[in-house]
Amino acid sequence: MEASPLYPDYLPFNLPVGNDITIAGVRSGTGPPLLLLHGFPQTHLIWHRVAPPLLDSFTLIIPDLRGYGSSSKPAATNPDHHSLYSKSTMAGDMIALMQELNYQKFYICGHDRGARVAHKLCIDYPEKVIKCILLDICPTKSMFLAARHPFAQLYWHWFFLAQAAPFPEDVIAASPAAFARKTLVAQESYDEVAYKAYAAQFEDRATVHAMCEDYRAAAKEDMEEQIADEEAGRKIQCPLRVLWGKEAVVEKLFDARAEWRKVCVEGALDEEGSFAVEGGHFIPEERPGDVLRCILDFFR
């Protein structure tokens, strides 16, 4: 993997995490390790405005999730099972990556799909996560159970991408640029280099299939895992802070603090420090200053 001009002088990596999967990304900085996880339909480039001021305070590890960017994109082998892209599997990738880099404990900040991976990291590997920040999500189970109008209209892609293969893959292949424009809202917020990289993913069949599998797993394996975690009493134990966009779905349809309180042990959620920021869903690029201030304040 070659370094992007958005990350000058960062060290690219492409490391094995098991089962013939490699995770690509960049790293730089000095201090305790901070893992930054992107969402759909983006790549590690989403952090390019947040990262530079953090380099003197943290060692930044900024990967592409499996299925995205330059990381491996395994194809599904069973149309009824999507565990290759379950959040528990993707969380396992991150644990293996951090072990490859010799980090035993670390901070996490995740957006969108990356925040869902971060949620599962907190549940499955509580001894690894020092503190966690999640950007513009509520728990997957909570959001699916709210799947009625207007949620279904606003989060239409959850249900479209989760349809059985190859229907959504074929539809996207017919007009990848249009699909990029539809999903990458707030286009005035993106750096041109970053937008081109995001949009190019819709032109790659393997990436599109991986994205669909990510959402198919959300509707099946991730839901099953969250129900099992709830029944077993497994909750987030580390200190957690949540930010969400005032113009996005979480603010409009959910009580974010209440939803996260349900899945945290008592006192883990920093309720006073969790709040809605100006702007929409793509917070790292729309409101990088808010993310930066939150990281520097909470991860101290």
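This is a predicted model: local features need pLDDT of at least 70, side-chain atom pairs count only at pLDDT 80 or more; totals for chains, interfaces and linings use all residues.

Modeller: I'll begin with pockets: on a 1 Å grid over the protein atoms alone, a pocket is an open set of points with protein on both sides within 12 Å along at least five of seven lines, and its lining residues have an atom within 4 Å of a point. Grid points are joined across faces, edges and corners, and a volume is the space filled by probe spheres set on the points. Residues are numbered from 1 along each chain as its sequence is written, and side-chain values use heavy atoms, with hydrogens and water left out.

Colleague: Which residues lie nearest the centre of the second largest pocket, and how do its lining residues divide by class?

Modeller: Of its 22 lining residues, P139, K141, Q226, E230 and V263 lie nearest the centre. The division is five nonpolar, five polar and twelve charged, where Ala, Val, Leu, Ile, Met, Phe, Trp, Tyr, Cys and Pro count as nonpolar, Asp, Glu, Lys and Arg as charged, and the others, Gly among them, as polar. Helix 9 gives the largest share of this lining, five residues; helices here are DSSP runs of H or I with at least four residues, and strands are E runs of at least two, numbered from the N terminus.

Colleague: And what is the volume of the largest pocket?

Modeller: About 500 Å³. Its lining has twelve nonpolar, six polar and six charged residues, and helix 5 provides the largest share, three residues.

Colleague: On to the rings: why is the pair of F58 and F299 called edge-to-face?

Modeller: Rings of Phe, Tyr and Trp (its six-membered ring) pair if their centres lie within 6.5 Å; planes under 30 degrees apart count as stacked, over 60 as edge-to-face and the rest as tilted. The search of the whole structure finds 22 aromatic pairs. In this one the centres are 6.4 Å apart and the planes at 75 degrees, so F58 and F299 are edge-to-face. F58 is in the loop between strand 3 and strand 4 and F299 in the segment after helix 13, so the pair ties together parts 241 residues apart in sequence.

Colleague: What makes F58 buried?

Modeller: Buried means under 20% relative accessible area, exposed over 50%, and partly exposed in between (1.4 Å probe, protein chains only). F58 has 3% relative accessibility, so the label is buried; F299, at 4%, counts as buried too.

Colleague: What about F160 and F179?

Modeller: They form a tilted pair, 5.8 Å centre to centre with 40 degrees between the planes. F160 belongs to helix 5 and F179 to helix 7, so that pair ties together parts 19 residues apart in sequence. Both residues are buried.

Methods: On a 1 Å grid over the protein atoms alone, a cavity is a set of points where a 1.4 Å probe fits but cannot get out, and a pocket is an open set with protein on both sides within 12 Å along at least five of seven lines; lining residues have an atom within 4 Å of a point.
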